Every structure is written in C-alpha cells, then in structure tokens.
Amino acid sequence: MRLETRHWIFAGLFLLIGLTLASGIRLDLPVSPDTQRMHDFIEGLPNGSVLLVSFDHEASSLPEIQPIARALLRHGFEHKLRLVGLALMAEGTAIGYRLMCETAEEFDAEYGTDYVFLGFRPQYIAAILSMGESIKATFPEDYLGRPYDSLALMRPLGDYSDVAGVLSIADGSFTTHWVEYGGRYELKVLAGVTAAMVTTYDPYLASGQMQAMVSGLRGAAEYETLINRGGEGARGMLAQTSAHLYVILLLILGNVAYFLERRRTN
Amino acid sequence: MDRKIAVVVCFAFGVVMFAQYFSAHPLARSVNQTIADYWQIIFAFALIVGVVGFLSNNLQRVHKGQDRPFRLLALAGFVIMPVLAMIWGIKAGTPFLWVFENVQVPLQSTVFALLAFFVASASFRGFRARSVPAAILLSAALIILISRSFATGPLSDWLPGVAEWIRNNPSMAARRAILIGIGLGSLTTSLRVILGIERTWLGGGK
C-alpha cells in the first residue's frame, strides 16, 4: 500500500492522542461562567431536593458525555440531592443506570431512598408531557420492575411541581424538548451536553429558558475542579487540547500550501 | 371516504390538543395525559414495524447470499440481547449489561471517534481561506477551537472573551434566526395539516 498524506495525518493524530493520554498530565483549568452557573444552581438547592436526571444520549458519545454526567452526579449526591434517573433514548438507559449506581456507591447512597432509576419511555415528547401530568402514570414501575409506590423516594412525587428541575445529559437536541414541553409546566432545565451542541442551546440559556449548562470535556474538567474531584474530564482535556492544536497546525499548513501554490500558478 | 375520516380525526385531535394547552382544568389535564399515553403506545407499535422490517430485510439478504456474515452477526445480536435480558435480567453485573458495555459501546464510540481523523484530514486538505467569508469562518473556527483547549499565557487573558463574543453575537443571532424560521415553518405546516390543506402525510399522491 502506498502511503498518502492523509495516512500520515491519521498516524500523527493517533500518536499524539495516545502519548498525551499515557502521559497522565492534568491541566489546571480556569472555570467558565457557564460551568460556575451550574455549580451555583445545584449548590443553591436545599438538601433533599429531588432532581430528575435524564440520559438523552447514545452510546457513541460516551467518552465525552460520561465525564460530564459523572461530575454532575457526584455533586448531586455530595450535596444530598435525591436523584431520579430516566432515559428518553434507549441507549441512555443502561449507561444511565450504571453511572447512577457507580456514583451512588461512592457516596453510600441507598437505592429507593436517595436515588431511583425509572428507565426508558418511547416517544420523548409524549413522555415529557405525560410526566408533567403524572410521573407515576408515566413510570408505574422503575427500571428493575419495582412498583412506584414501593419506592420511598417516588411515593410523594406527583408531577414536575414536586421536583427542583431536570438535568438533561444529551449529545443531540433532546434538551430542547425539555425546554419546549417541560417549560409548559415551569420545569427548570439544566443541561450537560457535548461541545458540538453548545451553540444550539445558547439562545435558551441567554433567554433564561434553560438555567445552566456544562458542555464538553472542558466543562467536565472545570466541574471536577469545582467539586475538588479529579476525573475523566481532566484526563481527557490534555488529549483534546493536543488534538485541537494538531488540527490548528494542519489548518495553517494547508492554507500556507494553498497560498504558495496559488502564487506559483499566478 | 377513508381519507376523509383521517382528516377529520387529525382536525379533531389538533384542535383538542391546541385548546387543552391553554387550560389548567382537570379535564384538560386528563385529556393531555390520556393522549400522551396513547401516543407512547402507538410509538411502541411503530417500533414493531421497525423490528419486522429489520428482520425481513436481513433474512432476505442472507437467503440471497448478500453480505451473509455481517447480516448473520446482526441477526445474532438481535436474538442474543433479548435472550440475555430475559434469562439474567438487566441489573448491573448481568451478561446483558456486560455485552452492552463491552461490545455495543466500544463499537459505537470507535465509529464516532473516526470523525476526529476525518476532521484532521479535512482541515489540511479542504478548509481554505479562498474568500473573505471563508477567511472569517476559518478565523472564528480557530478562536473557538483554541478556547475549548487549554490556553496559557497572554492567550488565556483575551481569548475566552473573544470566543464568548462570537458565541453570544454572530453565532446566537444566526441560531435565533434559524429557530424562529423553524418555529414559523412548524406553525404553518401544523395549521395546514390540521385544517386538511396539507394531505401528503396520508400518502397516495394527490
């Protein structure tokens, strides 16, 4: 096989990411206002408040989504919030359940009292609207098939008026559905999203329809700094930074080559 | 006649859902709950259509010998996952979750991660400042890329501010214009469907 330019580019990126991940260096990042706002919102909730955590993502974005979700769940459990997990995308179900169980274990949180995982409901718009009328009618059982009323945490919950808000962990535009349809019930919406989705949510954040947003690996790393717990976000930031700088270098090299070629042909 | 029934049903549900949105009356909330429940049930049946389609498509191709190993693998996954869930359940530590975590997640993440390599290659070969708009786009991309990285020294002082400005002004203006356009488009299309002017959703041409 004849090696072409793109093969060298691929190899360079692979080596760079591999080396930076292996180096284990952690970067000390300044905290952005967006991330600080999320931290302040959660800190401002009284202990014992119920927060819905919706895992609205696919498995493909897990390397970026998991650090965000884990940092936010850790803060939630640390702040003694009671967390109710659910998923509006089927693939988010198993991931959300595992993440909640793993994080709860770190804080000795008890299933049924401190946290519950309700599972997946098809047709996200209908599920959001239905929960606004009755959470119990939408999820008569939790993910493991336990009846709603057998879970101490769920028993007093009727609809959105009994929860402090929803935290949507999303890799697409699912959070907008929480804003658009949950907004009808004055549900407060928080978001943990991939970096590529930031501009989608900026208008909702600016208008106050969304309370706070943590985005991308950088957001996760910043949040880990705020809660004083190192994690995958900080670890991934060095690899992401090196990949970004590599792309910037390639952009500059490509454009220099383009202008030199243009001058030569002119 | 059957088309007329569909149009009347669509009109009735459209008007009811529109009207109940503005009411907090228990009846309106009950109607909303019931329709949302049926919506989910109908959607679940739509999933069955997808499942049947997946099965018949793959079985036919296996029979014809097209991509047989891949199709058989897909069918095996289709059968194995529900069987694992039914026998051992879906709790943490079960084979179902193990397969999901160790097969599906890495496979999907791998395919998604390939994007990074294509982006790197495309940034070298395709993203050129051929015109003033392209140069502006390129500059904005560079600033946003650096702002999402770890910048030190003098860069860290002014770069976040510039990146915020790009997000909060040109980017947000464009996004809001798109959102308003989508909103108006959805509104007019919904009205056309509810009033029976738009009937292409019924199928069957004119």
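Me: Is M197(A) buried or exposed?
Reply: Buried, because M197(A) has 21 C-beta neighbours inside 10 Å and the cut-off for buried is 20 or more. Bear in mind that this is a predicted model.

Me: Where does M197(A) sit?
Reply: In chain A, in the loop between β5 (189–193) and α8.

Me: How far is M197(A) from Q209(A), C-alpha to C-alpha?
Reply: 16 Å in space. Along the sequence the two are twelve residues apart.

Me: OK, confidence. What are the ipTM and pTM?
Reply: ipTM is 0.82 and pTM is 0.89. For chain B, the average pLDDT is 89. In that chain, 97% of the residues score at least 70.

Me: Now chain A overall. How many helices and strands?
Reply: Ten helices and six strands. The C-alpha atoms of chain A fill a box of roughly 75 × 40 × 35 Å along the principal axes.

Me: What share of chain A is buried?
Reply: 51% of its 266 residues. As for contacts with a separation of 6 or more, 72% of them in chain A join residues 24 or more positions apart.

Me: Which residues other than glycine have positive phi?
Reply: K80(A) is one of them, with phi near 60 degrees. Q123(A) also has a positive phi, about 60 degrees.

Me: Where are they?
Reply: K80(A) is in the loop between α3 (62–78) and β2 (82–87) of chain A. Q123(A) is in the loop between β3 (115–120) and α5 of chain A.

Me: How many C-beta neighbours do they have within 10 Å?
Reply: K80(A) has 14, so it counts as partly exposed. Q123(A) has 19 and is partly exposed. Buried would take 20 or more.

Me: Switch to α7(A). Why call it largely enclosed?
Reply: Because eight of the nine residues of helix α7 (residues 174–182) of chain A are buried.

Me: Which ones?
Reply: F174(A), T175(A), T176(A), H177(A), W178(A), V179(A), Y181(A) and G182(A).

Me: What covers them?
Reply: The cover includes three strands of chain A, β1 (50–56), β4 (165–170) and β5. It also includes helices α5 (124–133) and α8 of chain A.

Me: Let's do the interface. How many residues does each chain put in?
Reply: Chain A puts in 49 residues and chain B 45.

Me: Which helices of chain B supply that side?
Reply: α2 (26–64), α4 (95–125), α5 (132–147) and α6 of chain B each supply at least two residues. α4(B) gives the most, with 16 residues.

Me: How do α8(A) and α6(B) cross?
Reply: At roughly 95 degrees, with axes that come within 9 Å. The helices are therefore roughly perpendicular to each other.

Me: What does I248(A) touch?
Reply: Leaving aside neighbours within four places in sequence, I248(A) contacts L142(B), L145(B) and I146(B). I248(A) lies in helix α10 (residues 232–265) of chain A. With 16 other C-beta atoms within 10 Å, I248(A) is partly exposed.

Me: Last one: is R155(A) buried or exposed?
Reply: Exposed, because R155(A) has 12 other C-beta atoms within 10 Å and the cut-off for exposed is 12 or fewer. R155(A) is in the loop between α6 (135–138) and β4 of chain A.

Me: How far is R155(A) from K136(A)?
Reply: Their C-alpha atoms are separated by 8.6 Å. Along the chain the two are 19 residues apart.

Methods
Residues numbered from 1 in each chain as written. Chains lettered and ligands numbered in written order. Predicted model: local features only at pLDDT ≥ 70, side-chain atom pairs only at ≥ 80, totals over all residues. pLDDT = per-residue confidence, 0-100. Helix = DSSP H or I, 4+ residues; strand = E, 2+ residues; numbered from the N terminus. Contact = placed C-beta atoms within 7 Å. Axes fitted to C-alpha atoms, helices over the stretch in contact; angles between N-to-C directions. Parallel < 35°, antiparallel > 145°, perpendicular 65-115°, else oblique.
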